[in-house]
Amino acid sequence: MKTKKHLYIAILMPVLLLLSCTESFLDVKPQGTVEESMLQTPTNADALVTAAYAMLNDMGSGLQADTWYSAIRSGDNYKGGAGTADFGGYYAIEMVAPLQSNDGTVAGVWSAGYNAISRCNKALAVLNRLTDEEMPTRKVRIAELRFLRGHWMFLLKRLFKYPVYVDETMTNEDILNRSNKEFTNDELWNLIADDFQYGVSNLPPTQDASGRANQYAAAAYLAKTRLYQAYEQDESYNVTNINTTRLQEVVDLCDMVINSGKYDLFDNFGKNFTYGYDNTVESIFAIQFSKDDGTVSGKIDLLHMGDYSMAPGYGCCHANVPSQNLVNAFKTDANGLPMFDTYNDADMSDPEDFQTNTVDPRLDHTVGIPTHPFKYDLTFVYDYSWARTPSVYGYFASMKQTQLPTSPSFKNIGFIGSSKNWDILKYDDVLLMKAEALIELGQQDAALPIINKIRTRAANTDWLKYTDGTTFSNYKISTYEDGVNIDWTKDNARIALQWERRLEFAGESSRFHDLVRWGLAAETVNNYFLEEKTKRTYLNGAEFTKGKNEYFPIPYSQIILSKGLYEQNTGSW
Amino acid sequence: MKKKCKTIKRLLGGVMILLGIMNGQLILAQQINITGKVTHDQTYEALAGATVAEKGTSNGTLTDAGGGYSLTVKDANSILVFSFVGMESKEVVVGGQKVINVSMKETISVLNEVIVTGYQTQRRADLTGSVSVANIAEAKDIPTSNILKAVQGKVAGLYVTGDGSPNQTTTVNVRGVNTLGNTNPLYIIDGTPTTDARLFQSLDPSTIESFQILKDASAASIYGSRASNGVIIVTTKSGKGGFRVDFKTSLTVQEHIRKYDLQNTDEYGKMLWRAGVNDGIDPNLNPFYIYTWHMEGDVPVLDDMQTKEFINNDPLLPVSDTDWPNEVFKTGIISSSTLAISGGTDRSNSLIDVSYYSNEGMVLETAFKQLSLRLNNSINFLNKKIKIGENFQLLGSQEVPSPKDNAANIYHICNYIPPVLPVYKTDGTWAGPSGAGFSDRANPVQMAEVCQYNRNNNSRVFGNLFAEITPIKNLVFKTSFGIEAGLYAQKVISPLWKSGFVTGGDVNKLDLMDTKTMNWTWTNTLNYQLTKGKSRAMFLIGTEAINNSSTYNSVHKEKFAINDDPNFYYVSAGTGNVSAQGTGTGNRLLSYFGKADYIFADKYIVSGTLRYDGSSRFGENNRFGLFPAGSVGWVLSEENFMKKIEFISYTKLRAGYGVVGNQEIGDYSRFQLWEPNYQGISPNWFTQLFGLYQGGTAYDLFGVDQGTLPSGFRLKQSANPDLRWESTSELNLGIDISLWKQRITGSFDYFSRETKDILTTPPSLAAMGEGATMTVNGATMENKGWELVLGYKDTKGKFSYSITGNFSHFADKITYLPETVIANYPGNLEKTIIGQSRTAQFGYIYDGLFQNQEEVNAHATQPGKGIGRIRFKDLNKDGMINVLDQDWLGTLNPKLIYGLTGDFTYKDLTLSIFFRGVYGALVQDRARLEFGLLGYVNGSNKFSSLLDAWTPQNTDSDIPMVSYANINQEDRNSDFTLVNGSYLKLQSVQLSYNLPKSFLNSIKLQSARIYVLGDNLILWFDKKGPKAFSGPDPETPYTNLTGYPKPIGVSFGLEIQL
């Protein structure tokens, strides 16, 4: 009988145990994470600002917002790689006509932009709840976040024309109910400008950390915004008016940067693209890259990993290949000036072509050319075998953002990158923005010395010489002299300015958006296709539709997710 | 040797007797003393531990190691009852006998087969739900370490797919796909649940006693919240019968025979020439070939083709003709041995099983080894009132995973890399892609060497301790504590390597990734059985608590001074950049459940189940879910009016309805989570390979380029406090039938299920930004299908045979999706996935090739269209090919899955033949895009068939014109690559021979069996039709892209019992 009692107790015990601990047993807390309430301190708010900056070197957003969307759409570069299907997401972007509204790459750009913006907005929301007493740096940090938000909105604006605008005051519910047409084109520019204006008013001229935006970065970005805004477009993307009030703002803002005395041009154009000069005199705002920083691959510049050729020490991917048209654009005439109308009549492709023609020295800072030393290293000579698919993309290679395998910044992880920074705003851009504004204001004479300053610096061939003093190519470049080698009218000044921008920023993220701003995209790109496809047959089928392809389509998936609230861009996508 | 075995036998037997005596309460009596021996009726083996009892009294004893017993009974009228586990019990009237020898018969009746149905066992005859039993005896010789692979195609309703890699990874669906998320079934191993497929797949097949699948909701609902994908129950063997020693060994030889038909150097050259002239590019612009050719009118003619002496003028790199797959594949060898020692008495039983499995894969360097030890023991006390025991498996395995280069696995590269490249340079070093003409894939043979030190080590202990208490007759309380503790450790050593222009980076690296799991389950049940007149009833109530936790830690270290010595690659030996990651996760479940069965006259069966489950994965509002089920059975053949129909031996009708759940989402899906993320996240496999992380929170604000960076927080996900269980309700109707004295047996089940509140994590509107995604209860799916099993068996003298077939069909349909989720699935604004299968394919319609310029001009605007290119249909006739010209193209689900087994036995010789296949399936022929079109990726080898591609002179071809460019985007989703995936395989043929008794006696063996088995022998599929699959095996359509090809194997095996 006793045994039986024991047996019952043995049964009851576990049952009671299980019944007693119900609720607490199921209360499992997440590990390695924090709750929102824990973030409301000055230290953590500051950390949220850091996290917002961190989106700048993010693979996803960076790659998607940088050179690919400009260079390979503008006639400057081919997509490149192993063939047309390699980096396949960019194929339709290069060919323009095949691009459809459900394109995955385009959808990725859109999302990446808003991921970055949401980091800014979430940090702003926390900072708004703190006081200046609690956090003395609060206003500066708010200004930095608004600068970053302005940056991302600017990129989205020039890619999509009508991105949806969101700020830190909006709940998810508000965002779900906001259309991309809530604001007009001009209102959108003004909203972006507001963020930069806040920076001009609240940021210090100098920051303790070189990666942070300062007052001049905000001024330069505001100038850029106003410059784009000045070219007023109709809904078919024709430029209908150039707003002189905006242009004057551009001039004033550029002057603010120029007169600060903080910035200047490097003596050598190549220093902009060579490790060792990060965060110095020509750089106004840059993406900071790092290596050996405790992450697996390092926060290196992989935005340009495609640009490296198949050279020993590189090995991948020979993408973003300079076009024949771009190379030809560096030709100069007997006066050392660009050949505006005839540059593309004959190709520079064989090594002797770079000796029989005269060229702008910036060519050898921009393009890897067979038999020429690559990136100023006389022992690292560009070989034909470095090209990956010459039958499709020819033999040239991108050079600007590549670093030598011997550079301390260089890192090969199977793909190639470096810790060399990438400039978002450079002093030469500020100078040329000012020049552009002056020309459109009819003050082309004031613009002349600015353009000549750029060309004078470009003439420096210190890094482009063999040991015997001969140069890689036959360089000839001179300044414009009114009445001597050019008739410096407003129209000619405009052509010169546009050409200067192409050469100075070749392969960077400027060209396509410049063309759209000037209202020249369709004709320029279609002319390029017409001539280039006789040399690169894969371009058969490439076509740019005016009034449509100036901007990306609003991603189809986002239109669905917005339940049709978003309006598609014009051009029957 | 023989003597030694006998000694062990005696020793073990002695222990068992001792245990028996210690606990037995021997009753002394007065009248008649009976002695005798109990043996097996077929093997004549002595049965130790059999119960011998005097009927109607508590008087009884157990047989000794030799099967002998001695018992004193009341008088001559006493009846002796002999019983033994797994045997039919026998009653003998004492009469005048003093010596009663008994031979016992194994329980064979299918209807009396005992089925484990969750927390209890039931006779098959009493079942009302849909339960399948896999025949383990039939599967035990398949040379695999994965039990699921052994039963593939043998069980109706169980759909197993997998590749041929040495680690034998498989996926399994019970009755198809019922949800949008995780489709893994719940596994129950000796009563302990797990959802870890990897753990289940590491169970040693030789230790498995029974394998059951609870398919429908009424059968599975006792497992409530986790049963919606079906439940697979496995019971491991226990010692029974007398003491026995079993030894099993087999050797398997595997070959990769079904290969892609790739180009050799001659064909590759002709194809490149063709591409050149087609594209208007000078064909001589290539590093390998010199062509002489001319135009005849507008027809290009190749006069002569010479290979260049060297690739890109490298004097060490001659243009060669390498058969790369042949360099990478070798003969695979599998060896497997098991030693099992077991024994049981009525009081206790024990089993020790040691197994070793080794698979030297068919791909260079790949290998898988597994050593497992199983210990199953139980013992009774207090007149069987208490039984305690344990079932444990200790397991260690080591895998050398498939070699990879930077981005692709070795089966991919070996098909991909052009034949012109030699394996070695003329100086004996590795050759690699060099200069123009190559893609960035490395030499696969070299990669096998580079990756040879990578290891995946899996160490696990799992099993349970249990106690059964029977305080009063027919009332059993059972408490069981199960644990699963494991360490899955991956080691990747990346030495410095260079394969032509491809490298693994400029520093050597070590990556260690450890996943530790610690799970426990505590289950308490109370079972009560009641028999009164014609009524029988069974009641079960129980509670269960489950705690799962796991942690993941990884270390990445760079710069090792010794590059080639794997013994040097330890974290402390590295001197470069270091990076460490780690996370933890866990969840808990708490459940209460009950079940009642009522059976009247073995004719009418009613069963009901209720389970109440709470999960830590759900918010407090919806933490608990209730899962009810009910089913009825009617044994028609017991009715008098049926008994007249003589040929019907048995018929049962079954009907069941039940609700089961699913909670397979992230452990913390209901929370809003902010996290520091120094490293960033790796969005996909490709970026993972390179360590390309994005969305991190660290930034070099100070521009110092190295060291520890400032870092912040990011929003990872948004909260959903209302998250609740996903639930599946299912109706199952079934009939079991057997005719002509069980010569024909069969069953048919029809099911219809609806899964509601499916847990999904839909994409959020991008403008809401990072971390806006949340898991929601959204979608609804339907799944309907049927299963048919038919068997025929007969014996004619010494010849007996049986033929069994199983056939199953299922079709799923998404019936509701929240608007926000729709965008996550294929479809466009006009055609959504609603009403389609989860695996429905969406895309453009292939409409032949453009034959001439008139056809091109007449067609709608289709960027890239041209002569010899694919014409896609303008579905909406708007003169433009765009997103709206896509349509539903069919599903990847087969219409019919079937298996056919035939067993033929003559005397001691048995021949087994097993066919399996699927019918009415479509597969995505990815290989056709990669290797069947040139433009898809340049610098890779292609199918030989590309030489037969369309040209103006060869217009019958359906292969688009060869081109370097893919300007027509021919790799878009379309039915061009959606092809017939039906196949039939002669999966195995086995001939086995039981050595004759007379011979065995002479060598003192109880039994011995030898066999030879051929695996994956013959494959039939459509190779010629317009929708023919272009690869070698439609069962693994992605073989050379992601999976390990299925080998053809021959095994030789020996099985002996000492």
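Guide: Let's start with the word itself: on a 1 Å grid over the protein atoms alone, a cavity is a set of points where a 1.4 Å probe fits but cannot get out, and its lining residues have an atom within 4 Å of a point. Grid points are joined across faces, edges and corners, and a volume is the space filled by probe spheres set on the points. This is a predicted model, where local features need pLDDT of at least 70 and side-chain atom pairs pLDDT 80 or more, while totals for chains, interfaces and linings use all residues. Residues are numbered from 1 along each chain as its sequence is written, chains are lettered from A and ligands numbered from 1 in written order, and side-chain values use heavy atoms, without hydrogens or water.

Searching the whole structure turns up 17 cavities of 30 Å³ or more. Let's step into the second largest cavity, which holds about 240 Å³ of space. It is lined by 23 residues, and Thr144(B), Asp204(B), Pro205(B), Ser336(B) and Thr338(B) are the closest to its centre. Two or more lining residues come from each of β17 (244-255), β20 (332-344), β21 (348-360) and β22 (367-381) of chain B; strands (E, at least two residues) and helices (H or I, at least four) are DSSP runs numbered from the N terminus. Sorted by class, the lining has 8 nonpolar, 11 polar and 4 charged residues. Here Ala, Val, Leu, Ile, Met, Phe, Trp, Tyr, Cys and Pro count as nonpolar, Asp, Glu, Lys and Arg as charged, and the others, Gly among them, as polar.

Now hop over to chain A, where a disulfide (a pair of cysteine sulfur atoms within 2.5 Å) joins Cys316(A) to Cys317(A), S to S 2.2 Å. Over all chains, the count comes to 1 disulfide. With 100° about the S-S bond, the link of Cys316(A) and Cys317(A) is right-handed. A cis peptide bond also joins Cys316(A) and Cys317(A), with omega about 10°. Cys317(A) sits in the loop between β4 (283-287) and β5 (319-322) of chain A.

Strand β5 of chain A also contains Asn320(A). Though not a glycine, Asn320(A) has a positive phi of about 55°. For background, most residues other than glycine have a negative phi, and most peptide bonds are trans.

Definitions and conventions: On a 1 Å grid over the protein atoms alone, a cavity is a set of points where a 1.4 Å probe fits but cannot get out, and a pocket is an open set with protein on both sides within 12 Å along at least five of seven lines; lining residues have an atom within 4 Å of a point.
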